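User: I'd like to learn how to read some features in a protein model. Could you walk me through them one at a time?

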Amino acid sequence: MKIKNIHSAYFIGIGGIGMSALARWFHHNGVQVYGYDKTSTKLTTQLESEGISIHFEDEIEKMPDFVFKNSKEVLIVYTPAIPKDHKGFNYLKQKGISLYKRSEVLGKLTEGMFTVAVAGTHGKTTTSSMIAHLLKSGKKDIAGFLGGITTNYDTNMVMNQGDYKKAIIVVEADEFDRSFLTLKPNIAVVTSTDADHLDIYGKLEELKKSFSLFLENVNPKGQAYIKDGLWEEIASKKIKAEPFSYGLNAGDIRALNVKVKDAKFVFDVALNDKIIKGFQLSVPGFHNVENAVASIAVAHQLGLNDKEILEGIKTYSGVKRRFEYIIQRDDFVFIDDYAHHPSEIQAMLTSVRALYPGKKVSVLFQPHLYSRTQDFAVEFSQSLSLADEVMLLDIYPARELPIEGVSSDILLESIQVDEKYKVEKETIIDYLSNQDLEVFITMGAGDIDKLVEPLKNMFNKKHAA
């Protein structure tokens, strides 16, 4: 597969956040792009408006003619998230037609190009989008493959302006299915290595081993920025890149004097024996200050001066569904967040408590995956107990079949708050319309985001009345 020779591409599962970014890049760089996805979404509608053809029926005759030619000028990309009984995928596979995982294509695309790769079980989307924004606002030509919709650019694919071979590639490096091992970055960031995807890895030690392998792929003349405390867990003698630690008040590069002022985080950064003062971060959260520290280190490494970095952090406006303010009034705050792991929930709610001391915090949470819910039932209940009120939706299954005995109920029993309920998507809006809320959070990685706009409309209508 030679990327420069591709003239047509077909994406099976084009509506996924990583797949759509890749599809957008090919389309932007002159390739004819088609795709399939199970359902129409806001993202697929945007892709269609950009000129990408998409079909939503898993039927052989709906696929474009070029996919059957098995030509070296045709690229067929699939996501491991598609079901095993997918007709189109299985038909092409049986015919011996070449099919490539998204991660393989991303690895080939970035081969020989200067690449910044951000990995971690959480924090990678915000950090990669922050790095992309810092570099772009600092007048660097970049191509940013992101795992979320950055609000600065309203896209998950920040496009290169010139020759893509000369652009800096910023990529979110996904540990799921060991996808990030196809990358050979010049600079790497590791934000976290908490237990996750145990349906893939089996145990935490295997997950951490994959992060070691990821760092072994970093260019020997490059740099690896690793959250403070993780290096000892994933260090390997085969890692040749220069390692740096980062964190809050700890690490080679660290945030100092962190304060909350007017619902924003302000801080200084100690970097290479000097202190850069006066950072203002509009995206709240102590965890986002840590993400900012890593991003600042990378931007400095790539030649941005202090003034450019300060301005880039100040103007960074976040990623949709990452601590995203939906409504922000004196009497009521509505936040939407993608948190779907206990560590993310704990970080989120700890920051909310710091931002809104004394306020009642109510959470509507949708667990994601039966296996994850089963593996971390105790941790989920502990982290959700940081709220004052918890409402649980049914588990969003994603790629999984149900596991006997695993439901939201196993979390509900152990959550240590007085107000806790099991709720239904169909009735939750009516229920909340009769409640007096102060800080309300929708949280989860499934389809809970479909409730955000209806809830926003209901709350605004209620306020107007």
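Analyst: The backbone nitrogen of Lys360 lies 2.5 Å from a polar atom of the side chain of Glu438. A polar contact is a pair of N or O atoms within 3.5 Å; within protein, one must be able to donate a hydrogen and the other to accept it, and residues adjacent in sequence count only if both atoms are side-chain atoms. Before we go on: this is a predicted model, where local features need pLDDT of at least 70 and side-chain atom pairs count only at pLDDT 80 or more, while totals for chains, interfaces and linings use all residues. Residues are numbered from 1 along each chain as its sequence is written, and side-chain values use heavy atoms, with hydrogens and water left out.

User: Where does Glu438 lie, and which residues does Glu438 touch, not counting those up to four places away in sequence?

Analyst: Helices (H or I, at least four residues) and strands (E, at least two) are DSSP runs, numbered from the N terminus. Glu438 sits in the loop between helix H15 (428-432) and strand S21 (439-443). Contact means heavy atoms within 4.5 Å. Leaving out residues up to four places away in sequence, Glu438 touches Asp331, Phe332, Val333, Gly358, Lys359 and Lys360.

User: Is Glu438 buried, exposed or partly exposed?

Analyst: Buried means under 20% relative accessible area, exposed over 50%, and partly exposed in between (1.4 Å probe, protein chains only). Glu438 counts as partly exposed because its relative accessibility is 32%. For another glutamate, take Glu290 in helix H9 (residues 286-301): its relative accessible area is 16%, so Glu290 is buried. Glu290 touches Lys227, Tyr246, Gly247 and Leu248, again not counting residues up to four places away in sequence.

User: Now helices. At what angle do H1 and H2 pack?

Analyst: Two packed helices are described by the angle between their axes and the distance between the axes. Axes are lines fitted to C-alpha atoms, for helices over the stretch in contact, and angles run from 0 to 180 degrees between N-to-C directions. Here, helix H1 (residues 17-28) and helix H2 (residues 42-49) pack at about 5 degrees, with their axes 11 Å apart. H1 and H2 are therefore roughly parallel to each other; the cut-offs are under 35 degrees for roughly parallel, over 145 for roughly antiparallel, 65 to 115 for roughly perpendicular, and oblique for the rest. Ile17, Ser20 and Arg24 of H1 make the contact with Leu43, Gln46 and Leu47 of H2.

User: How many aromatic pairs does a search of the whole structure find?

Analyst: The search turns up 18 aromatic pairs. Rings of Phe, Tyr and Trp (its six-membered ring) pair if their centres lie within 6.5 Å; planes under 30 degrees apart count as stacked, over 60 as edge-to-face and the rest as tilted. One of them is Trp25 with Phe145: the ring centres are 6.4 Å apart and the planes at 40 degrees, so the pair is tilted. This pair links distant parts of the chain, with Trp25 in helix H1 and Phe145 in strand S7 (residues 142-150), 120 residues apart. Both Trp25 and Phe145 are buried. For a stacked example, Phe180 and Phe214 have ring centres 4.9 Å apart and planes at 5 degrees.

User: Why does the pair of Phe180 and Phe214 tie together parts 34 residues apart in sequence?

Analyst: Because Phe180 lies in the loop between strand S9 (168-173) and strand S10 (187-190), and Phe214 in helix H7 (residues 204-216). Phe180 is buried at a relative accessible area of 0%, and Phe214 is buried at 0% too.

User: Which rings are linked into a cluster by ring pairs?

Analyst: Phe11, Trp25, Phe26 and Phe145.
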